[in-house]
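Here is a short report on one structure. Look at the sequence and the model first.

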Amino acid sequence: MIEAAPILAIIIPLMGSFLTPLISILTKRYKKERIRDLFVVAIVIVTLLLVLHMLPTVWSGNIIVYRLGNWTPPWGICLAIDGLNILVALIVSGIAALVSIYSLMYMKNDTGLEKYYTLLLLLLASMMGVTLTGDFFNLFVFFEIMSVSAYALVAFRRNWDSIEASIKYMVIGSLGASLVLLGISFTYSLVGSLNIADIAQKISIIGTNPLPPVLILILALLMTGFCIKIAMVPFHAWMPDAYQAAPSAVAALFAAGTTTVGVYVMLRIIYILFGVAALGVMLIVLGSVTMVVGALMALVQRDLKRLLAYSGISQVGYILLGVGFGTALGIEGGLFHLLNNAIYKALLFMCAGAIFYRVGTCNLDELGGLSKNMPITAGLFTIGALAISGVPPFNGFASKWTIYIAGIQAGKAFFTLLAIIVSVLTLAYLLKAINAIFLGQRPKRFENVKEAPMTMIFPMMFLAVLCIVLGVLPSLGIDIVSPAYNALTNQHGYIRAVLGGI
Amino acid sequence: MAGMTLIVKTASRLLSPFVLLFGIYIVLHGHLTPGGGFPGGVIIVAAIVMLLLGYGAEAAKAKFSPLQASVSENIGSLILVATGLLGLFLGFNFMKNAIPLGTTGNLYSAGIIIPLNIGVGIKVAAGLAVILYAMLTAFEEEEK
Amino acid sequence: MNVDYIVAMLMISFGLYCLLIKRNLIKMVIGLEILTFGIHLFLISMGYREGGIAPIVTSTNPASVVATMGVDPLPQALVLTSIVIDVCVTAMLLSLAIYAYKHYKTLDTSELRRLKG
């Protein structure tokens with residue numbers, strides 16, 4: 001195994017984003033702009049290969065610890081990779097590879113493309129940084145880089161809607177980041193260290209049962225800051241506008257990447273940093289409110305991308321509900337739903353992008369009858385819609401069924417019933433969308449709309465195949481997710497591996 | 001944007017080289033005195049901003065064009081990452097201080113901190129120059 | 001009761017008030033800045049030691065004196081990093097405010113309410 005694989009997975013996209021403007025100046029002089037696009041795709045695929053390279057070592061039970069500059073923790077920054085980290089890194093780099101292949105054709109009509117690719121690589125590097133690090137302030141710095149790249153990518157098209165959406169996202173997001181910084185400063189003044197394993201050890205000495213008021217304050221500040229990032233219900237105001245204004249490839253990366261990373265950070269803080277499993281009730285209540293509000297708001301939307309954004313909010317509620325149940329089956333169901341959410345959300349956003357690329361509008365009132373012109377896109381969108389509603393034999397059914405059984409076993413029948421009702425609502429609004437776009441009467445001006453190009457169809461087909469495979473073989477999904485579950489509940493193993501048996 | 005009165009022009013023309021020199025001093029002595037890469041870079045860009053405000057955008061662009069600023073920004077970041085990779089190539093972990101350390105208190109000491117400071121100083125100066133060029137010339141297309 | 005902590009909390013509350021209540025876009029940016037500066041002041045004053053000296057090793061203060069009597073230099077490094085991040089976010093917000101002014105000829109935030117639902 002390559003010794004330096006963890007740090008190279010962060011540094012290679014970072015160096016790529018610094019080299020892209022230089023390469024772009026050279027290629028613009030010789031008029032061969034495709035070289036720059038292929039360079040970006042090559043770097044993203046190299047990152048994915050590095051993550052796949054680290055998989056066998058981590059899945060056999062070891063925790064990879066990489067010390068930057070050979071300084072021993074807790075005086076130096078270290079990267080610590082256990083089962084939970086590697087699952088999120090796999091999701092992020094896989095979806096980023098598919099999005100970069102998709103945007104080879106999708107961004108053909110936009111100008112200023114070198115800035116787009118630079119920001120895309122910077123977004124990938126910062127997401128890998130948040131996932132793989134073992135130091136708290138390092139996590140905050142990479143989290144800020146990810147947020148700033150996201151603000152810039154939302155405002156990429158420079159029409160008025162995009163700029164307004166970006167201003168809204170930026171103000172709310174900066175407020176959240178300031179709250180996280182306040183939480184980190186309280187943590188530092190309490191324990192005097194910034195390494196995640198070291199903080200975990202010292203907090204377990206202070207004692208978490210009952211929770212002293214200082215720890216309640218720290219937990220409240222950190223959770224509020226990160227809940228703003230994943231758009232839970234009181235703080236979701238920025239999300240529909242931002243997802244509507246961003247280019248569809250970028251919206252797919254947000255829905256699958258930044259949301260997954262936000263949920264990962266919350267799980268890491270609650271389970272490993274604080275070792276508190278008594279937060280389950282809050283997660284269940286907030287999760288159910290998020291699910292219901294997301295589904296109800298999605299029923300009345302007239303624009304396809306806003307509808308998909310609200311449905312994304314609703315799925316995050318499912319993940320929190322599953323994790324909040326607290327039993328082994330519940331946490332595994334929640335993590336499996338995290339994996340599935342990334343897959344079918346990216347698929348749905350890519351289909352919406354294909355429609356926008358060929359037709360030019362995403363308004364449900366103006367579209368209609370496109371199934372004759374774009375049969376492959378219609379089929380893939382239907383697969384994604386059925387998967388997200390929890391219809392067998394797709395992967396959404398497998399993870400939702402796990403969450404339902406976990407809810408009944410934990411004795412919370414009311415929330416399980418709520419989850420089933422929201423699942424039916426999900427099917428309702430997605431069937432409405434399919435009916436409005438693909439079936440029905442076709443307006444005259446859409447006579448000559450062609451099918452989406454092959455470079456855009458290939459990532460969508462790959463994701464749809466993954467949907468079907470994980471649905472038919474759910475044990476494969478549970479095998480992928482169970483190292484993450486073992487890592488989440490193994491606080492002592494994490495501390496021992498990072499601090500070296502002190 | 002147009003320039004300013006004669007007093008401002010003369011003062012900015014006379015003071016700008018000294019401000020540049022002071023900024024370079026702060027960047028290079030980052031391991032001995034307070035300061036380092038980021039404050040030094042901001043002072044370096046202050047020298048360019050004095051010219052920009054005093055003489056107008058065209059004169060400043062003739063001295064330090066936006067294309068040069070954009071390229072230097074990327075070169076600064078590449079120096080930063082390459083210094084980290086140097087430790088990787090010499091067999092240790094990333095960003096290990098593998099260059100011989102001198103005696104404490106000399107200018108030539110403390111290993112890789114000097115190249116890191118230089119990389120950060122160049123990147124910050126060029127990055128802020130690009131931002132300021134973009135913001136100060138934003139209304140010019142309207143007036144034309 | 002340290003004076004630094006009281007001033008930092010006052011700055012955080014003023015910044016939050018300014019961010020939430022004011023209607024001009026530039027005043028919202030200033031409110032965000034004051035909020036962030038309050039948090040930085042809080043973080044630096046966390047590392048204070050009674051009767052401490054600056055953590056610089058000179059010929060009159062060798063390393064042992066600095067280790068026992070100096071203030072904590074780690075929060076200062078954290079605040080330096082955070083100031084750089086704050087500069088980037090402020091630059092982006094002000095650029096978008098320039099775009100907003102070019103489009104609408106006014107900076108009142110009641111135009112931002114147009115995106116509803």
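The model is predicted. Chain B has an average pLDDT of 85. In that chain, 94% of the residues score at least 70.

Where pLDDT is low, predicted coordinates should not be read in detail.

Next, the contact between chains B and C. Six residues of chain B touch seven residues of chain C. On the chain B side, helix 5 (residues 113-136) of chain B gives the largest share, three residues. That side of chain B holds five nonpolar residues, one polar and no charged.

Now the helix pair in chain A. How do helix 4 and helix 5 of chain A run, roughly parallel or roughly antiparallel? The axes of helix 4 (residues 113-132) and helix 5 (residues 136-154) of chain A cross at roughly 155° and come within 8 Å. Angles over 145 degrees count as roughly antiparallel, so helix 4 and helix 5 of chain A are roughly antiparallel. The crossing of helix 4 of chain A with helix 5 of chain A is left-handed.

Helix 4 of chain A contributes residues including A:Leu119, A:Leu123 and A:Met127 to this contact. Across from them, helix 5 of chain A brings, among others, A:Phe142, A:Phe143 and A:Met146. The contact of the two helices counts 13 nonpolar residues, three polar and no charged.

Key
Residues are numbered from 1 along each chain as its sequence is written. Chains are lettered from A and ligands numbered from 1 in the order in which they are written. This is a predicted model: local features need pLDDT of at least 70, side-chain atom pairs count only at pLDDT 80 or more; totals for chains, interfaces and linings use all residues. pLDDT is the predictor's confidence in each residue, from 0 to 100. Two residues are in contact if their C-beta atoms, placed from the backbone, lie within 7 Å. Helices (H or I, at least four residues) and strands (E, at least two) are DSSP runs, numbered from the N terminus. Ala, Val, Leu, Ile, Met, Phe, Trp, Tyr, Cys and Pro count as nonpolar, Asp, Glu, Lys and Arg as charged, and the others, Gly among them, as polar. Axes are lines fitted to C-alpha atoms, for helices over the stretch in contact, and angles run from 0 to 180 degrees between N-to-C directions. Angles under 35 degrees count as roughly parallel, over 145 as roughly antiparallel, 65 to 115 as roughly perpendicular and the rest as oblique. A crossing is left-handed if the near helix is turned anticlockwise from the far one by less than a right angle, and right-handed if clockwise.
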